[in-house]
Structures are given as structure tokens and as C-alpha cells.
Amino acid sequence: MIRFILIQNRAGKTRLAKWFMPFEDDEKQKLIEEVHAVVTVRDAKHTNFVEFRSFKIVYRRYAGLYFCVCCDVDDNNLAYLEAIHNFVEVLNEYFHNVCELDLVFNFYKVYAVVDEMFLAGEIRETSQTKVLRQLQLLTQME
């Protein structure tokens, strides 16, 4: 089960935080800082999985952004790596070559993408075509 999803830049600014588990605000801030500290210091030659507290962080770096998923220790690492990649491909298609500013200025659209792809801490949809179709319907309603 996914505990939370974070997108952070190299400087530690959080561009997206989706929580699937209740945490106090102070704890959330502490988690954000700790995840950034753990993920950014790792070399590219290391694996994209790291144990973190009683969980596991599966992350992937795209340009200057770190896409992090915190999940249970016994969950499948490769499934979450593929989910992150799928998520980035959907963002790239939706925003026509996504960049960090798209995440900042269109955060509500990014949350809509997350909500289409993940539900209650589980991967909901893996078909990029279906997700993009739903997002297109939402855009038409605006």
C-alpha cells in the first residue's frame, strides 16, 4: 500500500504531496525533509529503493525532480517504479512536455492525474489512454 507520494525538486521544494495515511502536520513536514535528505544524496549507481523508517521509498529522478512513493516494505519495488514512470509519461502527454513550472502553476491538474491513477493507496489505473481520456473529459467540463 502506498503511504504517500511526493514530488520534490533538488532544492527540497515540495511540488506535490499526496497522503494516503493520516499524519499530523508536524510529522508530514518532518517526513518531507527526511525523504529529501535520504533521496537526494544517493548516487545514480545505487538502486531506486531505500528503506525508510518502517516503510520503503521507491523513487525516480527526472531532470531536476524526484518522484517518490512511500510504500510497505514487502511491496513490489518494480511495480512502483513502473507506476512512477507511467505517471510521468501521462503528465508529459497531458502537459505536452511537462516541466516543473507546469506542476507549480497547474497543481490542481496534477492532483487530478494522481487521483485518476492512484486510489486509497493503491494503483488504480495503468492505461495511459484511459487516464488521458478522463482528463480530457474533465478539461472539457471546465
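## T47 and its surroundings

In this predicted model, T47 touches R42 and Y59, leaving aside residues up to four places away in sequence. T47 and Y59 are 12 residues apart along the chain, and their C-alpha atoms are separated by 9.2 Å. To find T47, look in the loop between helix 1 (25-40) and strand 3.

Strand 3 pairs with strand 4 (residues 55-62) in the antiparallel sense, over 4 bridges. Within this pair, E51 stands opposite K56 of strand 4. The hairpin formed by strand 3 and strand 4 has 2 residues between the strands, and R53 takes a positive phi near 55 degrees there.

Now for the wider view. How many strands form the open sheet, and in what order? There are 5 strands, arranged as 2-1-5-4-3, and the pairing is antiparallel. Strand 2 (14-19) and strand 3 stand at the edges with a single partner strand each, so one side of each has no neighbour in the sheet. On average, neighbouring strands of this sheet are turned by 20 degrees against each other, with direction ignored.

Strand 2 has its pairing with strand 1 (residues 2-9), which is antiparallel and runs over 5 bridges. Here Q8 stands opposite T14 of strand 2.

## Where strand 5 ends

Two neighbours in sequence are worth a visit next. D72 is found in strand 5, while V73 is in the loop between strand 5 (65-72) and helix 2 (77-95).

D72 counts as buried because its relative accessibility is 17%, and the cut-off for buried is under 20%. V73, at 42% relative accessibility, counts as partly exposed.

Which residues do they touch, not counting those up to four places away in sequence? D72 touches M1, R3, F55 and K56, and V73 touches S54, F55 and K56. As for F20, it is 53 residues from V73 in sequence and 16 Å away in space, C-alpha to C-alpha.

## Helices across the sheet

Helix 1 lies across strand 1, strand 2, strand 3, strand 4 and strand 5, and it runs at about 65 degrees to strand 1. Helix 4 lies across strand 1 and strand 2, running at about 35 degrees to strand 2.

Which residues of helix 4 are buried? In this helix, residues 107-117, they are V110, V113, V114, E116 and M117. They are on the same side of helix 4 because they cover an arc of only 165 degrees around the axis.

Methods
Residues numbered from 1 in each chain as written. Predicted model: local features only at pLDDT ≥ 70, side-chain atom pairs only at ≥ 80, totals over all residues. Heavy atoms only, no water. Buried < 20%, exposed > 50% of the residue type's maximum accessible area, 1.4 Å probe, protein only. Contact = heavy atoms within 4.5 Å. Arc of directions from axis to C-beta. Pairing = 2+ DSSP bridges. Axes fitted to C-alpha atoms, helices over the stretch in contact; angles between N-to-C directions.
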